[in-house]
Each structure stands twice: as structure tokens, then as C-alpha cells.
Amino acid sequence: MDSISELESAELIEEARTNYNAFSVLYRRHYDALFKYCVHRLFDRHLAEDITSQVFLRVIEKFNTFRGSEEQFRGWLFVIATNFINEHLRKAAVHKKAQKYLKENPNKQNNDIEDKTAKLESLKNAILSLKPKYQTIITLYYFEKMKCGQIGEVVGASAATVRSQLSRGMEKLRKKMNVKENTFLMGGNE
């Protein structure tokens with residue numbers, strides 16, 4: 001097992017096609033990042049666990065069709081996860097529930113803990129009320145700290161398109177949150 005974990009990226013991908021131990025190394029290397037992305041998109045740990053499991057099941061089913069490096073494998077995982085998440089959100093009609101919540105529960109002035117919780121809940125619902133493409137890009141950029149080029153590989157767009165959609169998505173998010181700057185999200189990479 002030690003020799004497998006020391007394989008170079010390209011060798012590991014090839015070895016994982018026929019060796020379950022090599023595939024388990026790939027799984028362990030990428031599980032946490034993928035799970036974290038799912039949690040940030042869904043704001044639900046249990047659902048994120050389900051989606052992450054579905055992603056790896058799909059990868060097992062389709063692994064023989066994958067051609068590329070380990071970095072491309074990581075992008076492929078995020079593409080599959082994004083598709084599962086978007087499908088779930090469409091079926092669950094989360095967008096309608098989030099918009100209803102925002103109308104019924106305006107920001108309240110409470111103590112610090114309640115205020116932070118309300119702001120986080122408001123941010124969550126505002127993000128969930130956006131179109132899936134904006135949710136994906138904002139989550140990958142701000143929470144997963146991916147660069148626009150990397151996000152482009154995940155969503156099948158150029159870096160310039162990602163920057164444009166990120167800008168539009170953030171503007172929509174600012175309007176929903178009724179703020180002038182990105183003070184509610186920190187991070188991201190260019």
C-alpha cells in the first residue's frame with residue numbers, strides 16, 4: 001500500500017483502473033475537498049454525504065472512460081458533484097422555499113449570536129435563491145478557493161466567462177442581501 005500512495009499522479013490514475021488499493025488512494029486524496037464543496041453548496045452535512053457517495057459511485061461506474069491527470073480527475077469530481085447538486089436542488093425546489101423564507105423573515109436585530117446566525121441563514125438562503133450556475137461559481141470561488149480557470153474547467157466555460165458570471169452572481173447576491181460590498185464573503189483567488 002505504501003508504494004501505491006507514493007505513485008506519481010499520472011501513474012496513480014492508470015494503476016487505479018485495475019487496482020482497488022490505488023483507487024482507494026485517489027478516493028482518500030479527494031474525498032474531503034469534494035465533501036466540503038457539497039456542504040458549502042447544500043448547507044446540509046447529511047445531504048452532502050449522500051451526494052459525495054453518489055459522486056464516487058458514478059466515478060466507479062465511469063472510471064474507464066476518464067482520460068487525464070489527477071488534477072483533471074479532481075475537476076471531473078467537481079463536475080459530477082455540481083450536476084448531482086443542481087439536480088437535487090431542482091427536484092427539491094429549494095429556491096422557492098428560500099425566497100419564501102427571505103420574505104417571511106427579514107433580518108432582525110438580536111444579540112450577537114442570534115444576529116450572526118440570522119446573517120448566516122440569510123446568506124445561505126440568498127445563495128440558494130440564485131440560479132445554480134451562480135451558486136456553483138460563487139461556492140467554488142469563495143468557499144473552495146478555486147481560481148477562475150479551474151472553475152471554468154468544472155463548469156465548462158472560459159475563465160473570462162467565469163469572471164463575468166461571478167460578477168453577475170455577486171451583484172445578484174448583494175441585492176438579495178441588501179449590501180453594497182462583499183463584506184459577507186471573504187476569500188477567493190484570482
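Begin the tour at G156, which sits just after helix α9 and takes a positive phi of about 75°; helices here are DSSP runs of H or I with at least four residues, strands are E runs of at least two, and both are numbered from the N terminus. The model is predicted, so local features need pLDDT of at least 70 and side-chain atom pairs count only at pLDDT 80 or more, whereas totals for chains, interfaces and linings use all residues. Residues are numbered from 1 along each chain as its sequence is written, and side-chain values use heavy atoms, with hydrogens and water left out.

**Helix α9**

Next select residues 148-155, helix α9, whose buried residues are C148, I151, G152 and V154; buried means under 20% relative accessible area, exposed means over 50%, and partly exposed lies in between, with a 1.4 Å probe and protein chains only. Looking down the axis of α9, you will find these buried residues within an arc of 160°, so they line one face of the helix, the arc being that of the directions from the helix axis to the C-beta atoms.

**The whole chain**

Zoom out to the protein chain, where the secondary structure comes to ten helices and zero strands. Of its 190 residues, 42% are buried. Among contacts between residues at least 6 apart in sequence, 64% join residues at least 24 apart, a contact meaning heavy atoms within 4.5 Å. The accessible surface comes to about 11,000 Å², of which 49% belongs to carbon and sulfur atoms; such areas come from the Shrake-Rupley method with a 1.4 Å probe, and for residues only the protein chains shown count as cover.

**Aromatic pairs**

Now colour the aromatic rings: a search of the whole structure finds twelve aromatic pairs. Rings of Phe, Tyr and Trp (its six-membered ring) pair if their centres lie within 6.5 Å, and planes under 30 degrees apart count as stacked, over 60 as edge-to-face and the rest as tilted. Select Y31 and F35, a stacked pair at 6.0 Å centre to centre with 5° between the planes. Both residues lie in helix α3 (residues 20-42), four residues apart, about one turn of the helix, and F35 counts as buried at 11% relative accessibility.

Then move to Y37 and F78, whose ring centres are 5.0 Å apart and whose planes stand at 55°, so the pair is tilted. Y37 lies in helix α3 and F78 in helix α5 (residues 70-92), so this pair ties together parts that are 41 residues apart in sequence. Y37 is buried at a relative accessible area of 0%, and F78 is buried at 1%.

Select F23, F63, F66, F73 and W76 together, which ring pairs link into a cluster.

**N64 and the cysteines**

From there go to N64, found in the loop between α4 (45-62) and α5, which counts as exposed at 53% relative accessibility. N64 and T18 are 46 residues apart in sequence and 9.5 Å apart in space, C-alpha to C-alpha.

Finish with C38, buried at a relative accessible area of 0%, and C148, buried at 2%. The count of disulfides comes to zero, where a disulfide is a pair of cysteine sulfur atoms within 2.5 Å.
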